[in-house]
Amino acid sequence: MSEYSLEVIRDLVNRKLPWYVLKEMMSAPKDKDRFDKYIKVLQEKVPWKERILLPIHEHLYIVEKNGEAIVKAKCGYEFGDYRENWLLKTLIYVRDTPEKFREVYPILATHEPKLQELREHICPGCGAMLHVYGINPGGMVNFLFLPDLGSFYKDWLGKPIPGVKDQSKGVQDKTIEMIKKWVQEEKK
Ligand SMILES: [Zn+2]
């Protein structure tokens with residue numbers, strides 16, 4: 001079992017490790033507390049106090065706030081329940097015309113707008129680009145990453161999700177309920 005210090009994990013996260021150290025780490029069995037050290041390093045890099053439960057990517061984290069697991073951006077913007085698709089709560093710019101494609105693609109490498117559109121999801125808190133993908137026009141906004149937080153903590157890490165009231169296991173997608181709520185509010 002390998003044993004890496006917090007300093008080494010910090011250098012790993014900050015991409016400062018030389019290749020020969022990185023290669024050795026990748027090939028070795030993971031140390032038991034690697035995840036805890038990793039979270040500790042991530043926590044040092046964000047400007048707020050909520051406890052990180054799991055990162056989604058470099059700008060987004062699932063955190064614990066008032067007993068709930070929510071998605072929070074590095075800039076502080078909060079997207080709410082992690083089981084609701086946060087992509088639908090971003091600012092969305094859709095490239096769906098030859099003119100819009102040509103702003104980012106060379107002229108002969110562009111898409112056919114009738115077959116594909118390009119969606120750019122932008123953080124409402126700071127304007128950071130959070131996700132980009134090509135999809136058929138009108139295609140569903142799928143989850144980028146929907147973890148089973150209950151099973152991950154209980155079965156993999158052997159402990160409860162810190163501070164979170166709902167410890168249930170299983171992948172739970174609450175996006176449809178969220179959309180239904182939006183529709184109801186729109187009707188009022
Ligand atoms: Zn942001």
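Two strands count as paired if DSSP finds at least two bridges between them. The points below concern a predicted model.

1. Three-stranded sheet. Strands β5, β6 and β7 form an open sheet in that order, with antiparallel pairing. β5 (91-95) and β7 (129-135) are the edge strands, each pairing on one side only. From one strand to the next the twist averages 20°.

2. Pairing of β6 with β7. Strand β6 (residues 117-122) runs antiparallel to β7 and is joined to it by six bridges. Within this part of the model, histidine 121 stands opposite histidine 131 in β7.

3. Four-stranded sheet. A further open sheet has four strands in the order β1-β2-β3-β4, and its pairing is antiparallel.

4. Pairing of β1 with β2. These two strands pair in the antiparallel sense over five bridges. Histidine 57 stands opposite leucine 60 in β2.

5. Nonpolar core. The largest nonpolar core has 20 residues. Those with the most contacts inside this core are Leu53, Ile62, Ala69 and Val71. At least two core residues come from each of β1 (51-57), β2 (60-65), β3 (68-73) and α5 (149-157). In soluble globular proteins, nonpolar side chains tend to be buried together.

6. Surroundings of leucine 53. Which residues does leucine 53 contact, leaving aside its neighbours within four places in sequence? They are Ile62, Val63, Glu64, Ala69, Leu149, Ile161 and Pro162. Of these partners, Ile62 and Ala69 are also listed with leucine 53 among the residues with the most contacts inside the core.

7. Helices α1 and α3. Two packed helices are described by the angle between their axes and the distance between the axes. For helix α1 (residues 6-13) and helix α3 (residues 34-45), the axes come within 9 Å and cross at roughly 65°. The crossing of α1 past α3 is right-handed.

8. Residues at the helix contact. On the α1 side the contact is made by Leu6, Ile9, Arg10 and Val13. Helix α3 contributes Lys37, Tyr38, Lys40, Val41 and Leu42. By type, the residues of this contact divide into six nonpolar, no polar and three charged.

Note on methods: Residues numbered from 1 in each chain as written. Predicted model: local features only at pLDDT ≥ 70, side-chain atom pairs only at ≥ 80, totals over all residues. Core = buried A, V, L, I, M, F, W, Y, C linked by C-beta atoms within 7 Å. Buried ≥ 20, exposed ≤ 12 C-beta atoms within 10 Å, placed from the backbone. Contact = placed C-beta atoms within 7 Å. Axes fitted to C-alpha atoms, helices over the stretch in contact; angles between N-to-C directions. Left-handed = near helix turned anticlockwise from the far one by under 90°. Nonpolar A, V, L, I, M, F, W, Y, C, P; charged D, E, K, R; others polar.
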